[in-house]
Amino acid sequence: MASNPPAACCATGFKHEGTPVGEVKNIDGVNTYITYPKDNKTPERAIVFLTDIFGIFPNSQLLADEFAKAGYLIAIPDLFQGDQISVADMESGKADLPSWLPKHQPANVDPVVEASIRYVRETLGAKSVGAIGYCFGAKYVTRLLMTKKVDVGFAAHPSFITHEELGAIQGPLSIAAAEIDSIFTTQLRHESENTLIKAGHPWQINLFSGVAHGFAIRGDMNVRVQRWAKEQAFFQAVSWFNQYL
């Protein structure tokens, strides 16, 4: 594995404060959060935002709005068809991942992801499309890059990715990694570097000290180092897409 399967650390974190400005639309039976750049309803560059196990919730929506402010049309599909892990389970630490994960394998998730790509390309008219993935969603960034369904990818603290998937990517990939991470461990990070070198496409791995798995989407904004790392991971992604998308 290039990164281990999700574990207890994937189901913990902090809910962020703010009011999302986008809207949730039903796209072919899948709830999808759509947010546009200000004063531009026909942007040529779009990003499909692939979530962690909490799906479309305030943290992902607020972060999507920030990407829209940077000039990108953002679509967040409900990867779990209403069966996401709840914020209450995140706050209590009682998420039952062993019973939840078997219901959300590539056979279930791939069709939702690919339908979203078609929607932003064919219906919304995006000429270039990237993918962002946090934790669970990072695996599907690599799967999209494998088949050239997206042009560019970014992943933060990835889980569930195989070396075969990572080695088969066909486009640029940037990764934000946490120093404290039992999923994307030091050993697996170094192995991933070798895999990416062999793949032969532009790549980047930034390692953030003092933070744990989930920092880029569920960090505690009252802790200075976590807030800084979350913001820097966002800027990393924006810079990557500005360069390659």
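A nonpolar core is taken here as a set of buried Ala, Val, Leu, Ile, Met, Phe, Trp, Tyr and Cys residues joined through side-chain atoms within 4.5 Å. Buried means under 20% relative accessible area, exposed over 50%, and partly exposed in between (1.4 Å probe, protein chains only). The model is predicted: local features need pLDDT of at least 70, side-chain atom pairs count only at pLDDT 80 or more, and totals for chains, interfaces and linings use all residues. Residues are numbered from 1 along each chain as its sequence is written, and side-chain values use heavy atoms, with hydrogens and water left out.

The largest nonpolar core holds 49 residues. Leu50, Leu79, Trp100, Val120, Phe136 and Leu173 touch the most other members. Helix α4 (residues 106-123) gives the most to this core, with six residues. Helices (H or I, at least four residues) and strands (E, at least two) are DSSP runs, numbered from the N terminus. Another core, of 30 residues, lies apart from the largest one. Among its members are Leu63, Val211, Ala229 and Ala237.

Rings of Phe, Tyr and Trp (its six-membered ring) pair if their centres lie within 6.5 Å; planes under 30 degrees apart count as stacked, over 60 as edge-to-face and the rest as tilted. This rule gives 13 aromatic pairs. In one of them, the ring centres of Phe208 and Trp228 are 6.3 Å apart and the planes stand at 65 degrees, so the pair is edge-to-face. Phe208 lies in strand β8 (residues 203-212) and Trp228 in helix α9 (residues 224-244), so the pair ties together parts 20 residues apart in sequence. Phe208 is buried, at 7% relative accessibility. Trp228 is partly exposed, at 48%.

A salt bridge is a side-chain nitrogen of Lys or Arg within 4 Å of a carboxyl oxygen of Asp or Glu. The count is 10. Arg218 pairs with Asp52, with the closest N and O atoms 2.8 Å apart. Arg218 lies in helix α8 (residues 215-218) and Asp52 in the loop between β3 (45-50) and α1 (58-69), so the bridge ties together parts 166 residues apart in sequence. Both residues are buried. Glu165 and Lys139 meet at 2.9 Å, N to O. Both are buried as well. Salt bridges that share partners join Asp110, Lys139, Arg143 and Glu165 into one network.
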